[in-house]
Amino acid sequence: MKFELLHPADLLVMFMDRIYSMGMTTMSGGNLSILDEEGDIWITPSGVDKGTLTRNDICQVKPDGTVIGKYRPSVELPFHKKVYETRPDVRAVVHAHPPALVSYSLTRKAPLTDIIPTPYIVIGKVGIAKYDVPGSVKLGEKIAQKIREGCNAVVLENHGVVTCGEDIFTAFQRFETLECCAELNIQSHLLGTPVSLTEEQLELARRKSEAMMGEFIPAYYTSEECEARRQMVNLIKRAYSRKLFSSTQGTFSQRLKGDSFIITPTGEDRFYLTEADIVRVDNGWKEAGKRPSRSVLLHRMIYQKHPEIKSIAIAYPVNVMAFGITRTELDARTIPESYIMMRNVQRVPFGTSQLEPEKIADLVSPSAPLVLVENDSLIVTGKSLLDCFDKLEVAEFTAKTLISTRSIGQAVKISDEEVKEINEAFNIT
Ligand SMILES: [Zn+2]
């Protein structure tokens, strides 16, 4: 989706709606702003229900301070102004009190951003601003100081977080990524000790590039392909709303006939994807003008080795990832459904999907449909898109259950004898 042609008031409503519906702000908390080319600041109003905001509720603040609109601008307008004065490259600011980052703000620490590559790459440096009264000029100065030092995200002590960017999507993406990173840190700490990536590993992630592929213009689209595209778009949105995918992370692919499959594009906001954005790959060639997921070669390799696999998902769900970050075994023998869906989850070191994709293609099998790449992602294989989505959801529920069980007692796993019975009853080999 192209954001540059949308009016700032519409953009602010769109993104506030996303933040509210994802549970990252309360009805009254949080404020967003955009600085336009004329130097006007468009900002969300004070004391209006963030769940039902409309474009007419947004305030326009002229450079001379005149306010146009039916409400008063957010009380945090002073720090938004200060951030724009401090960094000319900044055109949008997001502020809210999302639960996991507020936990960090209470400890007066920032979450570790080097436990998976994305936060480290997307956000960069995270600062901490000393506590001050909301809406005060002093708070604005403390935030601006960190922004001046090059931070794109600042945790406010006993308050919340501020992120900024060259457009509202970038500022939102940093906000969403940092909150997710805070959740990841918290779940990892509940489970064990999080392991950070080394400089070399982060450098490897930074170098991850798009595959070089020839291009073709499709002569036609079969009904089967159109149906697969439709289903993929629906499941991507569902995965996003279930926090299995984030705005720019999470990939599905679906095999068509022969050496042909469709796959999610890279660098596009998952929330607004349509059927036309999905990329077809035929015999190693990509649909002209499109950018398939950077993991496209891994998908192809898995399809070539396993005729029974029809669909693949690569995702980053918080609770499953905590197992990869603490290097803990994710044992699916919790309830029969988890075992049947997940079987034996394989774990491989960080970098394997990038450096040795054939190793992952070798590892997956009907008895090991899931592979957890440490500090990176969960790879799910299945017989259809729905099957992959189902496994992904079951894996995240299982991981969440295992983490929460720790606070009430020792989890008793299904025994080998019971596993044998399940295998017989459900014809599992
Ligand atoms: Zn606030």
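## Exercises: sheet and domain contact

Nine strands form an open sheet of mixed pairing, ordered 9-13-12-11-10-14-17-16-15. Strands are DSSP E runs of at least two residues, helices H or I runs of at least four, both numbered from the N terminus. Strands pair if DSSP finds at least two bridges between them. The model is predicted: local features need pLDDT of at least 70, side-chain atom pairs count only at pLDDT 80 or more, and totals for chains, interfaces and linings use all residues. Residues are numbered from 1 along each chain as its sequence is written.

**Exercise 1.** Find the edge strands, then trace strand 9 to its partner.

*Solution.* 
1. Strand 9 (215-216) and strand 15 (346-348) are the edges; each pairs on one side only.
2. Strand 9 runs parallel to strand 13 (residues 285-287), joined by two bridges.
3. Glu215 has Lys286 of strand 13 as its bridge partner.

**Exercise 2.** Describe how domain 1 touches domain 2.

*Solution.* 
1. Take the bounds: domain 1 is 8-191 and domain 2 is 220-425, from an automatic or database domain assignment.
2. Their C-alpha centres lie 32 Å apart.
3. Contact puts C-beta atoms, placed from the backbone, within 7 Å.
4. Helix 6 gives the largest share of the domain 1 side, 11 residues.

**Exercise 3.** List the contacts of Val161, leaving out residues up to four places away in sequence.

*Solution.* 
1. Val161 touches Ala96, Pro98 and Leu101, among others.
2. Further partners include Ala153, Val154, Val155 and Leu156.
3. Phe175 and Leu178 also touch Val161.

Methods. Contact = placed C-beta atoms within 7 Å.
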